[in-house]
Amino acid sequence: MKSLDEFSTASPTRAGGGPFILVVDDETAVRRFAARVLERDGFVVLEAVDGVQALEMVRDQGVSVEAVVSDIVMPRMNGVELMDALLVSHPDLPVILMSGYATAALSEMGIASPCSIVPKPFSAERLLAEVHRCIGQRNGGTTAA
């Protein structure tokens with residue numbers, strides 16, 4: 001597994017102007033790690049500390065977010081509630097949930113189908129692969145990678 005510092009800087013075709021990704025997590029260390037991984041791959045990252053702030057950002061920002069990467073357990077509005085709200089307002093927006101719970105446990109909890117569930121702790125490679133896959137599905141099978 002590569003460390004974060006082993007990843008190359010953003011590709012020239014997307015440097016500074018890549019797709020926008022919203023990362024949502026109340027744990028600063030996890031949110032910053034995910035943001036740094038995505039930024040180094042050329043994404044422009046917006047950050048929110050919970051679902052309420054994330055929903056406000058998606059609705060109020062003058063940018064088009066390509067995907068949301070969200071923790072599940074957060075105060076005020078959790079990741080599942082955020083995903084459900086986004087399904088109504090932005091039905092084509094891919095949501096990738098991050099969780100310390102096993103995927104089977106999440107299914108048993110009745111969690112709807114996000115684009116992906118990334119188990120914590122996750123590697124940089126796993127996060128990037130899931131973001132690219134989910135954006136690719138949204139865009140008909142192609143990504144800007």
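**Asp-25 and beyond**

Student: Is Asp-25 buried or exposed, and at what relative accessible area?
Tutor: Buried means under 20% relative accessible area, exposed means over 50%, and partly exposed is in between (1.4 Å probe, protein chains only). Asp-25 is in the loop between S1 and H1. Asp-25 counts as buried because its relative accessible area is 0%.

Student: What kind of model is this, and which pLDDT do local features need?
Tutor: Residues are numbered from 1 along each chain as its sequence is written, and side-chain values use heavy atoms, with hydrogens and water left out. It's a predicted model in which totals for chains, interfaces and linings use all residues, side-chain atom pairs count only at pLDDT 80 or more, and local features need a pLDDT of at least 70.

Student: Which side chain joins that of Asp-25 in a polar contact?
Tutor: A polar contact is a pair of N or O atoms within 3.5 Å; within protein, one must be able to donate a hydrogen and the other to accept it, and residues adjacent in sequence count only if both atoms are side-chain atoms. The backbone nitrogen of Glu-27 lies 2.8 Å from a polar atom of the Asp-25 side chain. For a side-chain partner, at 3.1 Å, look to Lys-120.

Student: What pattern does the protein chain follow along the sequence?
Tutor: Helices (H or I, at least four residues) and strands (E, at least two) are DSSP runs, numbered from the N terminus. The protein chain has five helices and five strands. Read along the sequence, they give β-α-β-α-β-α-β-α-β-α.

Student: Why is the aromatic pair of Phe-33 and Phe-122 classed the way it is?
Tutor: Rings of Phe, Tyr and Trp (its six-membered ring) pair if their centres lie within 6.5 Å; planes under 30 degrees apart count as stacked, over 60 as edge-to-face and the rest as tilted. Phe-33 sits in helix H1 (residues 28–40) and Phe-122 in the loop between strand S5 (116–119) and helix H5 (124–138), 89 residues apart. The ring centres of Phe-33 and Phe-122 are 5.8 Å apart with planes at 50°, so the pair is tilted.

Student: Which side chain makes a polar contact with the side chain of Ser-116?
Tutor: Ser-116 is found in strand S5 and is buried, at a relative accessible area of 7%. Contact means heavy atoms within 4.5 Å, and beyond four places in sequence Ser-116 touches residues including Val-95, Leu-97 and Arg-133. The polar contact, at 2.7 Å, is with Glu-130.

Student: What span should H5 have, and how far apart are its end C-alpha atoms?
Tutor: The expected span is 1.5 Å times one less than the number of residues. H5 has 15 residues, so it should span 21 Å. The end C-alpha atoms agree, at 21 Å.

Student: Over which residues is the pLDDT below 50?
Tutor: pLDDT is the predictor's confidence in each residue, from 0 to 100. The protein chain averages 82, and 76% of the residues score at least 70. The stretch below 50, which has 29 contacts in the model beyond near neighbours in sequence, is residues 1–15.
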